Amino acid sequence: MLAPLREDDFLRSYWGRRFFYQPGEASRFTGLVSWVEISESLASRAHGSRDGRLILDGAEIPSVPLDEPVQVEAALQQGAMLNINAVDRWFPALRRLAADLAFVFRERTQVNLYASYAYGRGLRPHWDDHEMFVFQVAG
C-alpha cells in the first residue's frame, strides 16, 4: 500500500505528523472492489440500504432507493455521490484491508466508500476528526 515507502518510515515520518500522498499505477487498487460488485450487491439487497446514501451538494437524496440500479445511475449522472459506510462488512478484500490497517495502527478501522463521476458534487468541503486513508480504485 505504501510502497516504495517502508511501513516503519511512514510511521516515523508521517503518521500523525503530516499529509502523505503516494501516486501509483492507475490499476494499483482495482482488486479491492469494482463498480460491478457494488452495483450487484446493492441491487440484490444483500446488505440492505441502511449503510448507504446518495448525496448531492451536501444533502442526502432520500427519494432514490439504492437497490434500484437505474435510479442510482441517474442520480450519479446528475452529479450525486454514492456513500456506503462500513463497506468492509460487504466485501472480503475490503475486510482484509481493514484488518491489515487495524493490525498496523492498533486502532479500530472502518472502510467507507465514496463513488461519483468526475463532475460529482457530493460532499461539501469539511474536515474529519479521525485519521483517514483515501484509495482511488477507479477513474
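How many bridges join β1 to β3, and do the two strands run parallel or antiparallel? Four bridges join them, and β1 and β3 run antiparallel.

Before the exercises, some ground rules. This is a predicted model, where local features need pLDDT of at least 70 and side-chain atom pairs count only at pLDDT 80 or more, while totals for chains, interfaces and linings use all residues. Residues are numbered from 1 along each chain as its sequence is written, and side-chain values use heavy atoms, with hydrogens and water left out.

**Exercise 1. Work out the strand order of the sheet and find its edges.**

Step 1: Helices (H or I, at least four residues) and strands (E, at least two) are DSSP runs, numbered from the N terminus. Two strands pair if DSSP finds at least two bridges between them.

Step 2: line the strands up. The four strands make an open sheet, ordered β2-β1-β3-β4, with antiparallel pairing.

Step 3: check the β3/β4 pairing. Strand β3 (residues 81-84) and β4 are joined antiparallel by three bridges. Within that pairing, I84 has L113 as its bridge partner, and N83 sits opposite Y114.

**Exercise 2. Sort the side chains of β3 by direction, then place the helices that lie across the strand.**

Step 1: recall the rule. Side chains in a regular strand alternate between the two faces of the sheet.

Step 2: apply the sorting to β3. M81 and N83 point one way, L82 and I84 point the other way, and all are buried (buried is under 20% relative accessible area, exposed over 50%, partly exposed in between, with a 1.4 Å probe and protein chains only).

Step 3: Helix α2 (residues 35-43) lies across β3 and β4 and runs at about 70° to β3. Helix α3 (residues 69-77) lies across β1 (52-56), β3 and β4, at about 30° to β1. Axes here are lines fitted to C-alpha atoms, for helices over the stretch in contact, with angles from 0 to 180 degrees between N-to-C directions.

Step 4: visit the loop between β2 and α3, which is the place of D67. D67 has a relative accessible area of 17%, so the residue is buried. Leaving aside neighbours within four places in sequence, D67 is in contact (heavy atoms within 4.5 Å) with L42, A43 and R45.

**Exercise 3. Classify the F10–Y14 and W90–F91 ring pairs.**

Step 1: set the cut-offs. Rings of Phe, Tyr and Trp (its six-membered ring) pair if their centres lie within 6.5 Å; planes under 30 degrees apart are stacked, over 60 edge-to-face, and the rest tilted.

Step 2: count. The structure holds twelve aromatic pairs. For F10 and Y14 the centres are 6.1 Å apart and the planes at 15°, so this pair is stacked. For W90 and F91 the centres are 6.0 Å apart and the planes at 50°, so that pair is tilted.

Step 3: check burial. F10 comes out buried at 5% relative accessibility, Y14 is buried at 18%, and W90 and F91 are both buried.

Step 4: zoom out. F10 and Y14 belong to one aromatic cluster, along with W15, F20, F29, F105, F133 and F135.

Step 5: look for charges over rings (NZ of Lys or CZ of Arg within 6 Å of the ring centre and within 35 degrees of the ring normal). R18 lies over the face of Y14, 4.3 Å from the ring centre, and the charged end of R106 sits over the ring of F103, 4.7 Å from its centre.

**Exercise 4. Find the salt bridges and describe their setting.**

Step 1: Searching the whole structure gives two salt bridges.

Step 2: take D8 and R6, whose side chains meet at 2.7 Å, N to O. D8 is partly exposed at 36% relative accessibility, and R6 is partly exposed at 49%.

Step 3: take D9 and R12, which meet at 2.3 Å, N to O. D9 and R12 are three residues apart in helix α1 (residues 7-13), so about one helical turn separates them.

Methods
Salt bridge = Lys/Arg side-chain N within 4 Å of Asp/Glu carboxyl O.
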